[in-house]
Amino acid sequence: MANRRPIIGVTGNHRRLSPSWICIRLSVFLTGGTARRISIRHSVDLKTLDAIIVSGGDDIHPSLYGAEEMPKAVYDPKRDELEQAHIHHALDHGLPLLGICRGHQLINVVLGGKLHSDIRDLR
């Protein structure tokens, strides 16, 4: 099946209207792939994926990297859990893995890295 478009799983929020999903889906299509949406409301068979993109969004819960919650931050622990499982799947099966913003940070955390919960003091 040399002409088959690769199937790219794209994690993200579960909102009905998701501009980031629409943009990533279009980008994957324009570069020769077929995107499949993954969220706590959208599941895919992991065996069908050729690669995974972990997209951006709300903050990662600080308990995952040993920090304290920020008072005004928005967290989505169910999404954190889902995406961690997909990152582990990609790593365990040698799938290409791309993190965009929050996704890049979560890959770092899954691999044992740390984050600064609030970067304003570092500027």
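A crossing of two helices is called left-handed if the near helix is turned anticlockwise from the far one by less than a right angle, and right-handed if clockwise. With that in mind, open this predicted model and select helix H2, residues 77-93, together with helix H3, residues 102-110. Their crossing is right-handed. The two helices pack at an angle of about 70°, and their axes lie 10 Å apart. Angles of 65 to 115 degrees count as roughly perpendicular, so H2 and H3 are described that way.

Next, show the side chains where the helices meet. On the H2 side, select Arg79, Asp80, Glu83, Gln84, Ile87 and His88. Their partners in H3 are Arg102, Leu106, Ile107 and Val110.

Stay on H2 and keep Arg79 and Glu83 selected. These two form a salt bridge, with 2.9 Å between the closest N and O atoms. Both residues belong to H2 and are four residues apart, about one turn of the helix. The whole structure contains five salt bridges.

Finally, move to helix H1, residues 19-30, where Phe29 is found. Select Leu26, Phe29 and Leu30: they make up a nonpolar surface patch. Together they have about 340 Å² of accessible area.

Key
Residues are numbered from 1 along each chain as its sequence is written. This is a predicted model: local features need pLDDT of at least 70, side-chain atom pairs count only at pLDDT 80 or more; totals for chains, interfaces and linings use all residues. Side-chain values use heavy atoms; hydrogens and water are left out. Patches are made of residues with over 30% relative accessible area and no salt bridge: like charges are joined within 9 Å, nonpolar side chains (Val, Leu, Ile, Met, Phe, Trp, Tyr) within 5 Å. Accessible areas come from the Shrake-Rupley method with a 1.4 Å probe; for residues, only the protein chains shown count as cover. A salt bridge is a side-chain nitrogen of Lys or Arg within 4 Å of a carboxyl oxygen of Asp or Glu. Axes are lines fitted to C-alpha atoms, for helices over the stretch in contact, and angles run from 0 to 180 degrees between N-to-C directions. Angles under 35 degrees count as roughly parallel, over 145 as roughly antiparallel, 65 to 115 as roughly perpendicular and the rest as oblique. Contact means heavy atoms within 4.5 Å.
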